[in-house]
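I'm opening my notebook on a new structure today. I'll jot down what I looked up, one entry at a time.

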Amino acid sequence: MESSTLVSRTPEVGVPAARAARGGFIGFLFSRRRWVALVALTIIAVILLAAIAAPWLFDWNTVTRVNLEKSLVSPNASSWLGTDELGRDLLGRVIWGARITLAVAFGSVAIAMAVGVALGAACGYYSGVVPGTIMRFMDFMIAFPRTLVAIVVITVAGNSVLSLTLAIALSTIPIYVRFFAAPVKALTQREFVQASRSIGMSDLGLLTTHILPNVGSLIIVQATVSLAEAILIGSGLSFLGLGPPPPIPEWGAMIAASRPLLVIHPYVLIAPGGVLFLVILSFNLVGDALRDYVDPKSRHGR
Amino acid sequence: MTATNDKDEINLSITFCYVRPTPCGFALGFTERNHRPCCNRFATYHRLARWFPPLLGAVLLNYAIRRLLLLPPMLLAISIAVFMVLHFIPGDPARLAAGPDATEADVQQIRANYGLDRPLSTQYFIYVGKLSRGDLGESFQTYTPVSEGIARTLPATLELTAAGMLLAVVLGVPMGIIAAIRPHGLIDNSLTTLAVLGISMPGFFLGLLLMLLFAATLGWLPPDGRGGLAHLVMPAITLGLPYVATFSRLARSTMLDVLDEDYIRTAYAKGVSRYKVVFKHALSNAAIPLVTVFGMDFGRLLGGAVIVETVFAWPGMGRYMLDAIVARDIYVVQGTVLVFAALVVLINLIVDLAYGILDPRIAYA
């Protein structure tokens, strides 16, 4: 592939996306009858609200205190999803787990975005030995399994919510740098950027007023899809026992704990696993819909 | 589709590493595969090789040897990275090795035995010296050589990864081709839905669900462990499913791109049958991006194998590494990470070679 085809493959940037409907993204979903994406958006909203409201819905104590008399109760009126092997309410743990899982996901994507976009924009904007070397190094990093990179980071940083967030962020940065360098490079060659440069605009001014706003839609789409991936990797690491230490409810760790009880009490698996699957699916579906909204060309199918 | 779009952004430009002769020996160079200069002479070789196949072998062999020569410097770079990172692991390895009730003198003795009291650079050179003899050190826990542990667990991991990859290619690529023949048809739309579900499914959740259904409830398959083919079915499906999804999406989009090209219309106009156009004319060009992604996804699959091995108690290298991480057994962690990295580099080498066979425009410069 020539570099020109690489540029043409990136979504058309710089042209304000044709807004098909009034009312922004949700209006777009209604007018296009994208019911599945609407449902997905609703699911994300409900889980986000539940995660924010967790301290008012369930006491931290009821979620972490061991109560063996009530262990492995099937779903009933008082505990809607039943209880786990230590008698803790599963619904409460799933909701508190959402708080932690989503905090890790949002935190890691925010860190990775901040570093990745800045580095990607710099590497796309400038050309020379240093950006070139950074890009080569990023390519090298991308070839390595993300899970493995994250595992090594956690091994060094220890088990905690913060190190999990950092591990996911670090393993994501190379992908963002690679992803944003190409459209930024394409933008720097556009007439309006060249024109601004010719009237003496500084590099930083160009980047912040002309280039970054034009990749803004790309950032939003990529962030949504990355959230799904961050949740997937984060819960996978907790499943391996590399997440936050035990009493903290985390979906991956809850699934790992359900393994020995799988046959006698499958609710312990299905409650956190089902929610996890639903959340990742919702983020992927919303990300797809956002891409169609932002980039009209992709609506026709690729 | 989510994964494919950002994928081809990334995949079309994997680092291509080569040795560059300089006045004072050799230096490592990196370039992008898609920026590699095209060499007309090679195209001539390729054209000749069509009539005289042994020549192709000779050209490829030359290239393969040159690429293989790169392997040691790359591994050396990786070993430095791994060594440095693991040096920062909190906790004194000598104390861990000595056990909880060792005296201070014992700990000092062990530190001296392992060379942990030397400066970092000396430690690294000792480490590399041992590495070149195939000695990866020994485990603090079991006092067995790490290379022995890797030799024991590596075949299991390779078996699992190969099975997952095979599943992804054998199911995913034909699915994508079928979807591309009639875009937005019933098959295409249902495959799109399946792909989103496949990408969103966490491997460990799927694995446990499969275990619940096929092992615990139906009793058709053994729940865990390694053994015959029956043991391999569930882990391979768990590992391969997301890649069936990504491969089918990618195969679909590249096939759609290729089927749009003029030469396909020409082939139809000549009266070539649809089957032949799709599977011969189009597929041979669509295969090139697929091979790249194959190389990329092999690495990801290795990462995924760590999780799948944990779910199914598969005695592979991922498990070996995780146990070592929990016990802070640094030589085992070092060795396994190094082998994982070497595997990724090796697979990318093989992919590069496959590239040359598939695309005569690629120059082995």
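**Entry 1: how I read angles.** Before looking at a helix pair, I noted that an axis is a line fitted to C-alpha atoms, for helices over the stretch in contact, and that angles run from 0 to 180 degrees between N-to-C directions. I also reminded myself that this is a predicted model.

**Entry 2: the whole chain.** I counted elements next: chain A has 12 helices and zero strands. Buried residues account for 49% of its 302 residues. I then looked at contacts between residues at least 6 apart in sequence, and 70% of them join residues at least 24 apart.

**Entry 3: a helix pair.** At what angle do the axes of α6(A) and α8(A) cross? I got roughly 125° for α6 (residues 129–142) and α8 (residues 161–188), with the axes coming within 8 Å. Angles of 65 to 115 count as roughly perpendicular and those over 145 as roughly antiparallel, so α6(A) is oblique to α8(A). The crossing is left-handed. On the α6(A) side, the contact is made by Met135(A), Met138(A), Met141(A) and Ile142(A). From α8(A) come Pro174(A), Ile175(A), Val177(A), Arg178(A) and Ala181(A). Sorting these residues gave me eight nonpolar, no polar and one charged.

**Entry 4: a bent helix.** Where does α3(A) bend? I found the bend at Ala51(A), about 40°, in a helix covering residues 35–57. A proline, Pro55(A), follows within four residues. I also checked burial: Ala37(A), Ala40(A), Leu41(A), Ile47(A) and Ala54(A) of α3(A) are buried. Their cover includes α2 (24–31), α5 (90–125) and α12 (267–294) of chain A.

Methods:
Residues numbered from 1 in each chain as written. Chains lettered and ligands numbered in written order. Predicted model: local features only at pLDDT ≥ 70, side-chain atom pairs only at ≥ 80, totals over all residues. Helix = DSSP H or I, 4+ residues; strand = E, 2+ residues; numbered from the N terminus. Parallel < 35°, antiparallel > 145°, perpendicular 65-115°, else oblique. Left-handed = near helix turned anticlockwise from the far one by under 90°. Contact = placed C-beta atoms within 7 Å. Nonpolar A, V, L, I, M, F, W, Y, C, P; charged D, E, K, R; others polar. Bend = angle between axes of the 7 residues up to and from the residue. Buried ≥ 20, exposed ≤ 12 C-beta atoms within 10 Å, placed from the backbone.
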